[in-house]
Amino acid sequence: MYDPKSPSLMLLLLLLLAFATNTFGYKTIIDVLSEDARFERLIGCLQRTRLVPEFNRLEAGTFFAPDNAAFEMFEGKITKELLLYHLLPAPMAGQDFYQGQVLESKLVQPDLLGEEHPGQRIKMTKEGRLGKGRGKVYVNGVEITESDIAVNNQTYIHAIGEILQPPRSIVDTLLDNEPLYNLLDKVNITQILKERRPFTVFVSREEALGSFKSTEKAYLTSDYGLDDLGLLLKYTVIEQPIYAADFLGGNSTYKTLSGESVDISVSRDGTISVNGKSIIQSDILAANGVIHRLEESIVPATLSFNPRKYLYGLNNTKFVSLMDRYNLAHYLDNKEAVKYTFLVPKNEDTRDESISEELKQAWLSYHILSEPRLPNQLSDHQLVNTEFHSTQLNGVSQKLPVYVDTGTNTLSRSIRFLHSRVLEDPEYVHGNVIYQLSESLELPGDVISTLAVDLDLSTFIASLYVSETANEIKETKGITLFAPSNTAFESLGLVAQYLMHPAAKSRLRNVLQYHVVKGMLYREDMAQGFRELPTLVGNQTKLRIGPSPDKKDIFVGPPSPNTRSGTVKQTDLLIGNGVVHKLDMVQFPMDFQINSFDLLVGIEASTMLEVLKKANMLNLLNETDAVVLVPSNRAFGRIDLDALLKNQYEVERLAKLHFVPMQWQDRWNGGGGHSLLTTYADYTEYPTLLSDRDAVIFEESETRLAIHVKGQPKAGVAVVRGMGRTFGRASGGVLLIDEVLIPVRRGIFGLPWGWSIAVITLICIASTSFLGIAAYFGYKLYKRRRLGYQPIAE
């Protein structure tokens, strides 16, 4: 008898059952599908595509079986390749699927995925609980409606409600992102991705070039940026298929199509990062590889930007072309520690046609500042250094003036470089600054062309030509010129007239040279403190230059403390060989001399000179501290000059009457008209060289200075039409008057003849009266005595 619970007997029964199942009860996928009415359409398609024998030979596998409804919804052609894409070569039960799982199908498209694992991939996703055996399961986004339809222990069927579509190619997939596709196509990377070999592509969730600034994007998408765009996009392509599961834990490196490598890391929580940018969507399947979506774009280390690329992005291509042509490309391709500021006009405003060939390099250099200047580092009337190092400045950097409005908002205030406005906010690239300008800058011109446009300097310009000093000043390198204004020359009065006279050419040249300092002094330099600097007159002939205590004014004058200094009224007018400052007073060297004779020559007072010569008084013009009253030639025309010159006595008296022994009065201005007097002293009497009694009276008012002879009627008043002081040993000057002063004619007692006659008449009347009275009383006495009258004695 046998024991039915014997272990050996139980083992034998199990072996027999397994044998019977394999021999008589073995089923294939075709068997199971044929028994289920849901898959009638599927069976028909398998038969038509002659896949039934292959399915029957399958010893192990997994089949995602579309039901009849799936075929009804499908509009495409059912092919053998399409059905093979539903078949996996390995058994996968429903509990084996997990989120993000990528599996290899039986569909092989030669070369597209390489030789080791050539089958097209499908991707499993889950909803709800993502672990194995839990939640809804999807294959390529299609829900599995029934899992684990039994076939045998090595084969599984999972029913699905839609037909799975094999992945499109990478290029076709990227077509969904048209901007990115167009960029790839622009640099012919799409042609590479169409090749029959596998790739991995990293794309960003943002726009194709979203991590770049607008200027950088403009450059990369321009014809000038194609190489860099290609470098950038090739850096996102690896020439092998790498799915998320292939990334090893920790860090790994993969070489990209650009030749550079990307670093891929997998954190403990499974997060995958490429160059530190997280993959937010992995394993976007493609027929010839896989696409991974990143949170941000990855950029190769070799892709960098410089001023050249930014200028291309700003479409300042003409400026770049000129920089290349005139050997200044190193500024644009700058990789040094030194940074610059670029002042760049737009293409249509880059007017180089008027610039001579020999000046174009200098002109372009003038558009480059020697250091980066942010808007908040610019102030009104500031001077900044440029990269134009002029030989006319002895190699020193030429300055560029900056003008800023008074607004307090540094981001919105208006900025001008010279006459050119800044159009937009500046661009910044690796420490360099770029400003776009409304027009090209102009190089500082020579002294004549620069100052000629200022009408307030017209006298100074004329004096340069009269003295033949213009070329000397233009050709002297590195100068500071103090240019007196028209008012400054007008205040000299007759002195200015003399200096412009041909006879004074050498002296005028001396005066102008005295206004030129060797070396360049800008306002900020002059405000530092007083200094004495040599002039063009000579190293020993110096100007003293320095600020007022509050540093608001700059004073310029001879070193002597007893001389009057001028005040700088306008600073920092740039010229090609230096800088100009406008001065309100003409300055004279300490040894400069002008006497009264010179002034008479300057005003061409020929008649007065003739009178003085006749009176033997010309020598007094050179030595005497006196103010000479000089009637104009027209004034002499109103008297009988011939008769005067024939009378030596009268000539001398008239000449001496016009010499006033006195020093020049500082309150007298040198000009004429309303600016004649700085202050006035009403009526003042001054003796003349003729005598103390033959005095002249100065009638000073706000509007005029008039002179008349004491004792003469006021009808003979002479008005001063011009004046000028002397320089040197004598401290006098000349007053040009419009009338000849006539000496008072003296009679008895030194009185004028009219008074003399009056006095004589009075004396005669008094004498006659006295004699008459005396005669009367004498007659009375005589008559009484003749009549015998005797006085009665007491």
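Predicted model: local features only at pLDDT ≥ 70, side-chain atom pairs only at ≥ 80, totals over all residues.

Visitor: How many cavities of 30 Å³ or more does the structure hold?

Guide: The general idea is that rolling a probe the size of a water molecule over the atoms shows where empty space is left. Here the structure holds 1 cavity of 30 Å³ or more. The largest cavity has a volume of about 170 Å³.

Visitor: Which residues lie nearest the centre of the largest cavity?

Guide: L180, F202, A208, T236 and S297 lie nearest the centre, out of 17 lining residues. Helix α8 (178-186), strand β8 (199-204) and helix α11 (226-234) each supply at least two residues of that lining. Strand β8 gives the most, with 4 residues. By class, the lining of the largest cavity has 11 nonpolar, 4 polar and 2 charged residues.

Visitor: What volume does the second largest pocket have, and which element supplies the largest share of its lining?

Guide: The second largest pocket has a volume of about 600 Å³. The largest share of its lining, 5 residues, comes from β28. Strand β28 covers 566-575, and β18 (397-404) and α16 (447-451) also supply at least two residues each. The pocket is lined by 21 residues, and Y403, L418, D572, L573 and L574 lie nearest its centre. By class, this lining has 10 nonpolar, 7 polar and 4 charged residues.

Visitor: Now the sheet. In what order do the strands of the open sheet of 7 strands run?

Guide: In general, strands of a sheet pair through backbone hydrogen bonds, either parallel or antiparallel. In this open sheet of 7 strands the order is β31-β30-β36-β35-β34-β33-β32, and the pairing is mixed. Strands β31 (659-660) and β32 (683-687) stand at the edges with a single partner strand each, so one side of each has no neighbour in the sheet.

Visitor: In which sense do β33 and β34 pair?

Guide: Strand β33 (residues 695-700) pairs with strand β34 (residues 705-709) in the antiparallel sense, over 5 bridges. Within this pair, E699 stands opposite A706 in β34.

Visitor: At roughly what angle do the axes of α24 and α28 cross?

Guide: Two packed helices are described by the angle between their axes and the distance between the axes. The axes of α24 (residues 606-614) and α28 (residues 648-657) cross at roughly 120 degrees and come within 9 Å. That angle makes α24 oblique to α28. The crossing of α24 and α28 is left-handed.

Technical notes
Residues numbered from 1 in each chain as written. Heavy atoms only, no water. 1 Å grid on protein atoms, 1.4 Å probe; cavity = no way out; pocket = protein on both sides within 12 Å on 5 of 7 lines; lining within 4 Å. Points joined across faces, edges and corners; volume = space filled by probe spheres on them. Nonpolar A, V, L, I, M, F, W, Y, C, P; charged D, E, K, R; others polar. Pairing = 2+ DSSP bridges. Axes fitted to C-alpha atoms, helices over the stretch in contact; angles between N-to-C directions. Parallel < 35°, antiparallel > 145°, perpendicular 65-115°, else oblique. Left-handed = near helix turned anticlockwise from the far one by under 90°.
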